[in-house]
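Subject: A structure for you to look at

Hi,

Here's the structure I promised to pass on. Have a look at it first, then read my notes below.

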Amino acid sequence: MERKITLILGTNRKGTTYRIARMLTDELGGTVTEILLPRDFAPYCVGCGLCFRKGETFCPHAELLRPITEAIDDADVLVLASPVYVYHVTGAMKNLLDHYGWRWMLHRPQERMFTKQAVAVTTAAGGGVKSTLKDMTDSLSFWGVGRIQTIGMAVYAPSFEEMTKKRQEKAERLVHAAAEDIRRHAGRVKPSLRTRAFFHLYRKAILPRMKKIDQDYWHEKGWDRSTPW
């Protein structure tokens, strides 16, 4: 069965971060769905809270967001890629992640995330790699993604071709290691210990205080009585 990969890039510019992300998808092989931001999703979250109070379909941007959500759900592997902008992800990437607050564990997570693999990718001219990766892995983790890896490095060059040979080789090693790990765990990913711990914490300590829409969701899934794994 062909692997499905969804690559979400936090900029319209296909620079070094994109190059490394595509090196990964090329090595993995399969069908790749590319989503470039803000080209494919531009409206900013307005903070209306409708996704939390009434449901994600009430978001004023729900129809624009729907194909991205479908691409995320259908993928075997998610790749979130953003260059470092002032020590964090791009505004376009942050904006997209803001639109998925309702999917965090304490609201209405999608069970397919628990067995999914993901990689966060970033490059920087200098610093900010760690904090930028955290921006993306925070959402991946609280979505419940079962296995998350990172590829991040300071490149000290405006393009991949202008990187030193040593740094190009480092990028290739990081990509190869991530691809090998993904192949090794394909089809047998289980939720991480952290994910399972948060799931049980939310169910026991937070579920009774959740909004009714969240309580109903967990009840319909049977998660107030058992786990999805």
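Before anything else, a word on labels: helices and strands here are DSSP runs, numbered from the N terminus. With that in hand, you can find tyrosine 87, which sits in the loop between β3 (77-81) and α4 (91-98). Please keep in mind that this is a predicted model.

Look for tyrosine 156 in the loop between β5 (147-154) and α6.

There's also a cis peptide bond, running from leucine 37 to proline 38, with omega near 10 degrees. Proline 38 belongs to the loop that links β2 (31-36) and α2 (50-53).

How do α1 and α6 lie relative to each other? Their axes come within 9 Å and cross at roughly 40 degrees. Angles under 35 degrees would count as roughly parallel and 65 to 115 as roughly perpendicular, so α1 and α6 are oblique to each other. The crossing of α1 past α6 is right-handed.

On the α1 side, the residues that touch α6 are Ile20, Met23, Leu24, Glu27 and Leu28. They meet a set of α6 residues that includes Ala171, Val175, His176, Ile182 and Arg183. Sorted by class, this contact has 9 nonpolar, 1 polar and 3 charged residues.

The largest pocket has a volume of about 310 Å³. Its lining is made of 15 residues, with Glu56, Thr57, Thr69, Trp102 and Arg103 nearest the centre. Two elements, α3 (62-74) and α8 (212-221), each give two or more residues to that lining. Which element gives the most? That's α3, with 6 residues. By class, the lining of the largest pocket splits into 5 nonpolar, 4 polar and 6 charged residues.

The second largest pocket holds about 240 Å³ of space. Here 16 residues form the lining, and Arg13, Thr16, Thr17, Pro83 and Thr123 lie nearest the centre. The elements giving two or more residues to it are α1 (16-28) and β4 (117-124). The largest share, 3 residues, comes from α1, the helix that also crosses α6.

Key. Residues are numbered from 1 along each chain as its sequence is written. This is a predicted model: local features need pLDDT of at least 70, side-chain atom pairs count only at pLDDT 80 or more; totals for chains, interfaces and linings use all residues. Side-chain values use heavy atoms; hydrogens and water are left out. On a 1 Å grid over the protein atoms alone, a cavity is a set of points where a 1.4 Å probe fits but cannot get out, and a pocket is an open set with protein on both sides within 12 Å along at least five of seven lines; lining residues have an atom within 4 Å of a point. Grid points are joined across faces, edges and corners, and a volume is the space filled by probe spheres set on the points. Helices (H or I, at least four residues) and strands (E, at least two) are DSSP runs, numbered from the N terminus. Ala, Val, Leu, Ile, Met, Phe, Trp, Tyr, Cys and Pro count as nonpolar, Asp, Glu, Lys and Arg as charged, and the others, Gly among them, as polar. Axes are lines fitted to C-alpha atoms, for helices over the stretch in contact, and angles run from 0 to 180 degrees between N-to-C directions. Angles under 35 degrees count as roughly parallel, over 145 as roughly antiparallel, 65 to 115 as roughly perpendicular and the rest as oblique. A crossing is left-handed if the near helix is turned anticlockwise from the far one by less than a right angle, and right-handed if clockwise. Contact means heavy atoms within 4.5 Å.
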